[in-house]
Amino acid sequence: LLLVGDHHQLPPFTKWQGAARERYNVSLLERLTETAGKNTVKVPTFMLCEQYRMHDTISRLVSQSFYRGRLVTAKVTADSRRHPLPAVL
C-alpha cells in the first residue's frame with residue numbers, strides 16, 4: 001500500500017464536537033508520521049524535495065517554516081516565474 005500526501009497540509013475539518021477527543025482532527029498521514037519510529041511497526045516516510053507550483057520566494061518561506069529548508073523549487077518553475085512578486089504595503 002502506498003499513500004501519497006503531505007501531513008503539513010490543511011488538517012481535517014469537522015464541526016463535530018467530539019472530533020478532537022477521537023483524534024478525527026488529525027489526518028491519517030499525520031498519525032502515521034507521528035508513530036513512525038515509536039511502534040514496533042515502522043512506517044517509512046519519504047519527502048519529495050522538489051516543488052513545481054509556487055513562486056520561488058513563496059516556496060522559500062514555506063520551506064523554512066515547515067520543511068526545515070529542504071524544499072526547493074524546480075529550475076523549470078523558477079525560470080518560468082522570474083518576475084518579482086508585488087510588494088505588500
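Here is a short chat about the predicted model shown above.

Me: Before we start, what are the ground rules?
Reply: Residues are numbered from 1 along each chain as its sequence is written, and side-chain values use heavy atoms, with hydrogens and water left out. Since the model is predicted, local features need pLDDT of at least 70 and side-chain atom pairs count only at pLDDT 80 or more, while totals for chains, interfaces and linings use all residues.

Me: What order do the elements of the chain run in, from the N terminus on?
Reply: Helices (H or I, at least four residues) and strands (E, at least two) are DSSP runs, numbered from the N terminus. The chain holds 3 helices and 2 strands. Read from the N terminus, the order is α-β-α-β-α.

Me: Which element of the chain has the highest mean pLDDT?
Reply: pLDDT is the predictor's confidence in each residue, from 0 to 100. The chain averages 84, and 88% of the residues score at least 70. Among the elements, helix 1 has the lowest mean, 79, and the highest, 96, belongs to strand 2 (residues 72–73).

Me: Is Arg81 buried or exposed, or partly exposed?
Reply: Look in the segment after helix 3 (75–80), where Arg81 lies. Buried means under 20% relative accessible area, exposed over 50%, and partly exposed in between (1.4 Å probe, protein chains only). Arg81 has a relative accessible area of 29%, so the label is partly exposed.

Me: Which residues does Arg81 touch, leaving out those up to four places away in sequence?
Reply: Contact means heavy atoms within 4.5 Å. Arg81 and Asp56 are 25 residues apart in sequence, yet 7.7 Å apart in space, C-alpha to C-alpha. The residues that Arg81 touches are Tyr52, Arg53, Met54 and His55.

Me: How much space lies in the largest pocket?
Reply: On a 1 Å grid over the protein atoms alone, a pocket is an open set of points where a 1.4 Å probe fits, with protein on both sides within 12 Å along at least five of seven lines. Grid points are joined across faces, edges and corners, and a volume is the space filled by probe spheres set on the points. For the largest pocket that comes to about 1200 Å³.

Me: Which element gives the most to the lining of the largest pocket?
Reply: Lining residues have an atom within 4 Å of a point, and 29 residues line this pocket, with Gly5, Asp6, Phe46, Met47 and Leu48 nearest its centre. Helix 1 (28–35), strand 1 (50–51) and helix 2 (56–66) each give two or more residues. With 3 residues, the top giver is helix 1.
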